[in-house]
Amino acid sequence: MSAEVMLKGRLWAVLRPLGVGRGHFAVEGVLPEQLFEHLSEPTGMAPLLNAIEQQVLSPQVARLMSTDQAHDAWRVALAWLTRDQECRFDHVLDWRAAESNSESPTRAMSRSRLQEAMRALIAAISSEEIELQAEASAQGDAHKAKLHELGRWQWACENLRTEVLHAVGLMATEVPEGRLGLDTLRQAARQKLAQAAKTDATVDVSNLGELRQRGRDAAQAVAELDKQLAVLTNSLPLHESLLANLRAELPGSSARLRDAEVPSCQVCEVPIDRVLADGCKLSHKLPDLAALRQRHEALQKQVQTKQAEIGLVKQNTALVQQQLLAARAARDALQQTLAKAERLSDNRSLAWRQGRKNLDDIQRLERDWAACELAQAQAAQLQAQMDAKRERMAAFRDQQAEVFARLSTYFDAVIRAAVGPTASGRVSLDGNGLKLTVQWGGERSTAAIESLKVIAFDLAVMCMSMAGTTHLPAFLLHDSPREADLGLSVYHRLFDVVRGLEGASSPAFQYIVTTTTQPPPAFQQQPWLRETLRGAPPSERLLRCDLP
């Protein structure tokens, strides 16, 4: 797309491609067709934007506007002069809708920055006020951060104070608020610590290591005695079994000894005298009486020995049982004493550590309260500085009251012409921002009235631009104002209002309305009706063809 742009009597040729990723051209002093003949490296739109800011806005005005990139000042002004249809004239500072996907810098600007830009464009702000607003804004951010910090310190102090009160056993009503209660808390914590240092006279906790060793020795002694008792107890049945076996052999041994003393004849089995037997020669083999007697005596001796061993085992068992009872009693007494001593030592250590922690917490609470008081003082100081700057900004606004009084005059005239002589309008600026008011049997605030406010405000600013009291050109484009919930009668009266400006004013202005709603019949002809476009056929579209 190409265009001829006249800027302060100088011709500019502009070439902008429809495709994405292609370069833009803006060259002074040539015709667009000459750009096609001598295409070189794209210049971009920066030369034209720079010339506009130099000759239309002026560098002084551009510096008054808070923008992020170079040449954004004119793009901000252009966004105001050509509002998006998607904004639907909902708010006086809505210039570009987010869903429009435009590259306008106004999409990333806050309402406060847009208001400052608007004031700069209508000559209702000074560089001193802008600097003051920047300082106030920075102080406002710092004040919010300081209040947030103050809230954190207050929360930390309250929680720590509650913990300390519970630890030292005091009620909240017994301790003054703030730093005045630190001495009371510290005194209570020291009393707790002194109580923790006291010990029980009946329990020796001076040498827990020796007491634990004695307990281990007593347990070991009990274990040894248990082992001995088990050995003795298990050996007794064996000894008794052996004794029973030995006793069972005694009758047989006695019988054999008795038979040996009075032998029987081997032929007739008749007892005979040993002397006769020796002389009889009938029995050549007799029992060994001496050997039998010796074995019998040995068996008796084994029985007696085993009886003695069993008696000794029983005696030792009884002795070990007595020793075991005493050892267990001594062990249990030592364990009880050790448990009591350890419990007392642990309680004492825990109480001591808690007492030290209470003192440390009170010291930390004192530091936190000091930080809290410092943050509170700094917040109060920032608040005082902000209040002072607000008063100075109010003074600046009072100085600009003449601008808004003149703007209110134009705004009131447009409202009366569009709505009726009983209606009135007013524009005001205070600490809460720009406010548009329409009185018509009371203050009105319907959707149609809100749209009318925005349109009337733009027309009032254009009137001021015609008078040369703004930094804007006397140009305005409204896209589909009827579709912004504007009543048909009011929509028609707006054309009459602008027609009145055309006939009563010598300075030139340009007001463009793009709409799908027909204007009044009187304006559906030249020179007001400039172009009629339709979606079909292609020859009646904007570019007279189908785009590929």
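**A tour starting from the three-stranded sheet**

Begin by selecting the open sheet of three strands in this predicted model, where the order is β1-β2-β3 and the pairing is antiparallel; strands here are DSSP runs of E with at least two residues, helices are runs of H or I with at least four, both numbered from the N terminus, and two strands pair if DSSP finds at least two bridges between them. Colour β1 (2-7) and β3 (25-28) next, since these stand at the edges with a single partner strand each, so one side of each has no neighbour in the sheet. On average, neighbouring strands of this sheet are turned by 20° against each other, direction ignored.

Residues are numbered from 1 along each chain as its sequence is written. Local features need pLDDT of at least 70 and side-chain atom pairs count only at pLDDT 80 or more, whereas totals for chains, interfaces and linings use all residues, and side-chain values use heavy atoms, with hydrogens and water left out.

Now select β2 (residues 10-15), which is joined to β3 by four bridges in an antiparallel run, and show Val14, whose bridge partner in β3 is Ala26.

Finally, display the whole protein, with its 13 helices and seven strands. Of the contacts with a separation of 6 or more, 61% are between residues 24 or more positions apart.

Technical notes: Axes are lines fitted to C-alpha atoms, for helices over the stretch in contact, and angles run from 0 to 180 degrees between N-to-C directions. Contact means heavy atoms within 4.5 Å.
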